[in-house]
Each structure stands twice: as C-alpha cells, then as structure tokens.
Amino acid sequence: MADPGSRAGERYATPQILDYAARTHHPEDAGLSRAFDAPARHGMPEIQLGPAEGRFLEILLRLTHATKVVEIGTLAGYSALWMARALPPRGHLWTIESDPGHAEVAAEVVGEAGFGDRVTIIRDKASEVLPELSDSGPFCAVFLDADKGSYDLYGRWATDNLRPGGLLIGDNAYLFGRLLDDTDEAKAMRRFHEEMSSNYRSVCLPTPDGLAVGVRLDPKA
Ligand code: SAH
Ligand code: DHB
Ligand code: MG
C-alpha cells in the first residue's frame with residue numbers, strides 16, 4: 001500500500017503471485033493440507049481462513065508466547081491447527097463449535113495431525129460455554145470466527161478474560177462488505193470495532209474480508 005492506487009484499494013497480487021508467495025513462505029505440511037481440504041471432503045462450507053492468514057495467526061501467537069488460547073468457530077479445525085502449532089507443549093487451545101458434524105470432523109483432523117492433546121473442542125454454542133470457560137483463564141489470545149452478529153458480545157468476553165498484552169483477533173471484520181449497513185449484524189460488528197479501539201492497541205488489516213487485531217491494554221495502567 002505505497003501509492004495512491006493501492007491506497008484506494010487496488011491490489012497487485014495475482015493468483016500466481018499469491019501462490020508463489022504461499023509456496024515460498026509456508027509450504028503446507030500434510031496435516032495442514034488435509035485440514036484445509038476437510039470442509040470440501042465432508043460437504044461442509046468452505047469458509048476456513050486462507051493459508052497466509054493461518055500462518056499469520058501462528059506468528060502472532062509465537063510473538064506473544066501464547067500458552068492459553070480460545071477460538072470461537074472451529075469448522076473443520078484448519079485455523080485451530082495453525083494456532084496449535086504455535087503453542088508450547090504445555091499450551092492449550094479451547095475451540096468452540098456449535099455444529100456437531102463440524103466438531104466431529106475437526107476432532108478427526110486435529111487428532112490425525114497429532115495435536116489432540118493440545119486442543120479441546122467444545123461442542124456447544126459459544127454464548128452457552130463462555131461463562132464457565134472463564135475459569136480456565138486468563139487467556140493469551142482469543143480468535144473470533146463464528147456468528148458475526150455476536151462479535152460485540154464475544155469481544156466483551158475477551159476483554160474481561162485476556163491478560164494485559166493478550167491478543168484479540170477477529171476474522172470477517174468487513175462483514176463481507178456489509179460493515180456499514182443498517183442491520184443488527186452490522187451494528188454489532190461496528191460495536192466490536194469501536195470497543196476494541198478503546199480497550200486495545202488495534203488495527204484492521206485489509207485481508208480479503210478484514211482481520212481485526214488488537215493488543216489488550218492494561219486496565220490498571
Ligand atoms: N475458524 C475456522 C472457520 C470457522 S467458520 C477456520 O478458519 O478453519 C464458522 C464456524 O462457526 C462454523 O463451523 C459454524 O458452525 C460455527 N458457529 C456459528 N455460530 C456459532 C456459535 N454461536 N457458537 C459456536 N460456533 C458457531
Ligand atoms: C462465512 C464465515 C466465515 O467465518 C468466513 O470467513 C467466510 C464466510 C459464512 O458464514 O459464510
Ligand atoms: Mg471467517
């Protein structure tokens with residue numbers, strides 16, 4: 001983003017360039033490839049992160065030395081596997097998935113990749129389980145990728161349950177292009193952004209659908 005065209009939204013990446021960059025920086029191992037392909041194999045929606053976004057999550061968690069991480073929205077476990085790779089042996093990821101079929105596929109994918117002991121898949125609606133999950137905190141990072149109309153609630157839970165310096169990350173922060181609409185879902189997503197900006201040092205990266213990333217400020221500072 002270094003000239004007027006790209007600042008206005010123009011992109012230089014072609015599919016070939018994206019492919020070259022991905023192959024060069026993070027050639028996928030067998031476990032990750034299997035996880036990426038799992039939604040298609042099982043007739044599930046193919047709405048997992050892109051490989052570069054997954055790698056970015058891994059890097060963010062490594063930078064913060066994350067040991068305890070929460071994900072809301074597991075699907076088939078692709079983003080969960082990227083994050084699990086960043087954890088030390090005693091680290092743990094709790095990932096919440098309300099669709100029993102998705103959770104079953106994710107358990108298989110995560111187990112096959114050898115991360116079964118570091119990942120707990122919670123099979124329930126996030127709003128049902130978050131209150132009791134607080135007992136396992138405080139957490140080092142929270143990644144939101146489930147129902148977009150609840151990001152404001154999930155963001156507030158993260159703010160109450162992250163350690164200072166912890167990370168809040170939200171996928172689909174542009175709400176598929178509907179962020180500025182006059183709907184309850186868009187209003188909730190905008191509240192998520194605005195409350196994040198108050199309690200975090202934050203940015204919304206221009207990935208295809210926006211990736212909001214913030215570092216929890218110390219409420220006592
Ligand atoms: N993070 C995944 C993609 C998640 S897709 C990846 O990148 O690999 C969104 C998932 O959220 C779907 O599997 C959907 O079933 C789940 N979901 C939707 N609403 C939910 C809720 N209220 N609680 C928990 N999971 C939910
Ligand atoms: C959908 C959900 C996502 O998290 C995503 O990244 C893309 C699409 C969806 O529900 O359609
Ligand atoms: Mg998403």
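Contact here means that heavy atoms lie within 4.5 Å of each other, and this is the sense in which the word is used in the legends below, all of which describe a predicted model.

Figure 1. Asp152 counts as buried, because its relative accessibility is 6% and the term applies under 20%.

**Figure 2. Thr159, a second residue of helix α8.** Thr159 is likewise found in helix α8, and its relative accessibility of 15% places it among the residues that count as buried. When its neighbours within four places in sequence are left aside, Thr159 is in contact with Asn199, Tyr200 and Arg216. The side chains of Thr159 and Tyr200 are joined by a polar contact of 2.8 Å.

**Figure 3. The magnesium ion (ligand 3) and its three coordinating residues.** The magnesium ion (ligand 3) is coordinated by Asp145 and Asp171, each through OD, and by Asn172 through OD1, at 2.0 to 2.1 Å. Along the chain, the donors of this ion follow the spacing D-x25-D-N. Asp145 lies in the loop between β4 (139-144) and α8 (151-161), whereas Asp171 belongs to strand β5 (residues 162-171), so the pair ties together parts that are 26 residues apart in sequence. Asp145 is buried, with a relative accessible area of 15%, and Asp171 is buried too, with a relative accessible area of 6%.

**Figure 4. Ligand 2 and its surrounding residues.** Ligand 2 is surrounded by Ile47, Asp145, Lys148, Asp171, Asn172 and Phe176, and Asp145, Asp171 and Asn172 also coordinate the magnesium ion (ligand 3). An oxygen atom of ligand 2 lies 2.8 Å from a polar side-chain atom of Lys148, and an oxygen atom of the ligand is 2.8 Å from an N or O atom in the side chain of Asn172. From the backbone, an N or O atom of Ile47 lies 3.5 Å from an oxygen atom of ligand 2. Taken alone, ligand 2 exposes 300 Å², of which the protein buries 63%.

**Figure 5. The shell of residues around ligand 1.** Ligand 1 is surrounded by 21 residues, the closest of which are Gly73, Ser79, Glu97, His102 and Asp145. Helix α5 (78-86) and strand β2 each supply at least two residues of this shell. An oxygen atom of ligand 1 is 3.5 Å from a polar backbone atom of Leu75, while a nitrogen atom of the ligand lies 3.2 Å from a backbone N or O atom of Ser98. The side chain of His102 places an N or O atom 2.8 Å from an oxygen atom of ligand 1. Taken alone, ligand 1 exposes 590 Å², and the protein buries 89% of that area.

**Figure 6. Leu93 in strand β2.** Leu93 is found in strand β2 (residues 92-97), and it is buried, with a relative accessible area of 0%. Not counting residues up to four places away in sequence, Leu93 touches Val69, Val70, Glu71, Ala80, Met83, Leu87, Arg118, Val119 and Thr120. Leu93 and Thr120, although 27 residues apart in sequence, are separated by 6.3 Å in space, C-alpha to C-alpha.

**Figure 7. Gly214 in strand β7.** Gly214 is found in strand β7 (residues 211-216), where it is buried, with a relative accessible area of 0%. Leaving aside its neighbours within four places in sequence, Gly214 is in contact with Gly166, Leu167, Leu168, Met196, Tyr200, Arg201 and Ser202. The C-alpha atoms of Gly214 and Gly165, which are 49 residues apart along the chain, are separated by 9.0 Å.

**Figure 8. Confidence of the prediction along the chain.** The chain averages a pLDDT of 96, and 100% of the residues score at least 70.

Conventions:
Residues numbered from 1 in each chain as written. Chains lettered and ligands numbered in written order. Predicted model: local features only at pLDDT ≥ 70, side-chain atom pairs only at ≥ 80, totals over all residues. Heavy atoms only, no water. Donors = N, O, S within 2.8 Å, 3.2 Å for Na, K, Ca; no water. Helix = DSSP H or I, 4+ residues; strand = E, 2+ residues; numbered from the N terminus. Buried < 20%, exposed > 50% of the residue type's maximum accessible area, 1.4 Å probe, protein only. pLDDT = per-residue confidence, 0-100. Near = heavy atom within 4 Å. Polar contact = N/O pair within 3.5 Å; in protein donor to acceptor, adjacent residues only side chain to side chain. Areas by Shrake-Rupley, 256 points an atom, 1.4 Å probe, with all protein chains shown as cover.
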